[in-house]
Amino acid sequence: MEFLGDAAGLVRDLVSGVLLIAGAGFYLIGAIGLNRMPDVFTRMHATSVSDTLGLGLMFVGMLVQAGPTLIGFKLVVIFALLFLTAPIATHALARAALHDGEEPLLADEEGRLVPTDLAASFPDLEQRIESPLTSESVTAPEGGEGDGNDDDTAQQGEDRPSNS
Amino acid sequence: MFTAAILGVLAAMALAVARCLIGPTAFDRLLAANAIGTSAILLLALFGFLTDRPEFLDIGITYALLNVIAMLAVLKFFRYGALGHEQDPEKDPN
């Protein structure tokens with residue numbers, strides 16, 4: 001039985017080692033892409049590798065070591081947080097970059113990379129970027145008069161009694 | 001192997017710092033800063049396993065939550081120029 005326990009530990013170490021090294025490799029690839037890519041949008045594309053595959057493999061590798069314990073549960077919580085919020089952050093970053101007038105590099109007829117105004121190809125793009133999403137409406141309510149010093153967004157400010 | 005993984009993450013972190021320093025636009029720097037934050041969380045978790053002190057994972061959870069909030073706050077500031085609701089010059093109470 002002693003030998004069997006050792007064998008199980010050896011397999012566990014091997015599996016988690018392979019996962020950790022593979023995850024670190026993908027993480028490094030993402031970081032290299034962050035330096036080699038030509039503009040902001042392609043750099044976001046490169047870091048998504050490290051945020052999903054690199055992070056995922058390394059956390060699964062640590063999960064194999066931890067087993068179904070409280071430590072494993074904490075690992076799952078951290079991984080879920082990062083895994084769910086990384087796409088949101090990237091989406092918001094791309095939206096803010098487009099809103100700020102950042103022009104993505106696209107290939108022209110000869111294959112050179114030139115900054116391209118996307119509004120020429122997608123006529124309604126500018127209007128869509130300018131108009132806030134329904135979930136992030138930040139304009140003051142129509143009827144409200146004395147809410148100029150309220151720091152909350154409009155919907156929350158309406159529901160809550162004014163405290164100042 | 002935890003040591004190797006930590007070295008890999010440290011190298012990735014150094015590359016992200018380089019992008020943060022040379023990045024031409026503010027969005028490049030912000031993307032690199034987000035990558036550095038993620039690397040820090042990963043580094044904390046790996047270091048906890050390397051030294052058999054899983055308390056480091058709690059710090060990792062805190063860092064993950066702070067990372068999200070900081071990123072969204074900075075982006076909102078970029079987009080609207082303020083963290084509150086946008087100023088309407090016609091209905092400005094001042």
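How many of the 94 residues of chain B count as buried? I looked that up and got 43%, with buried meaning under 20% relative accessible area, exposed over 50% and partly exposed in between (1.4 Å probe, protein chains only).

Ground rules first. This is a predicted model, where local features need pLDDT of at least 70, side-chain atom pairs count only at pLDDT 80 or more, and totals for chains, interfaces and linings use all residues. Residues are numbered from 1 along each chain as its sequence is written, chains are lettered from A and ligands numbered from 1 in the order in which they are written, and side-chain values use heavy atoms, with hydrogens and water left out.

Next I went through the fold of chain B. I found three helices and zero strands, in the order α-α-α along the sequence; helices (H or I, at least four residues) and strands (E, at least two) are DSSP runs numbered from the N terminus.

Then I checked confidence. Chain B has an average pLDDT of 83, and 83% of its residues score at least 70; pLDDT is the predictor's confidence in each residue, from 0 to 100. Helix α1 (residues 2-22) of chain B is highest at 92, while helix α3 (residues 56-80) of chain B is lowest, at a mean of 82.

I also looked at contacts, meaning heavy atoms within 4.5 Å. Among those in chain B with a separation of 6 or more, 48% join residues 24 or more positions apart.

Last, a glance at chain A: A:Phe26 sits in helix α1 (residues 2-36) of chain A. A:Phe26 counts as partly exposed because its relative accessibility is 30%.
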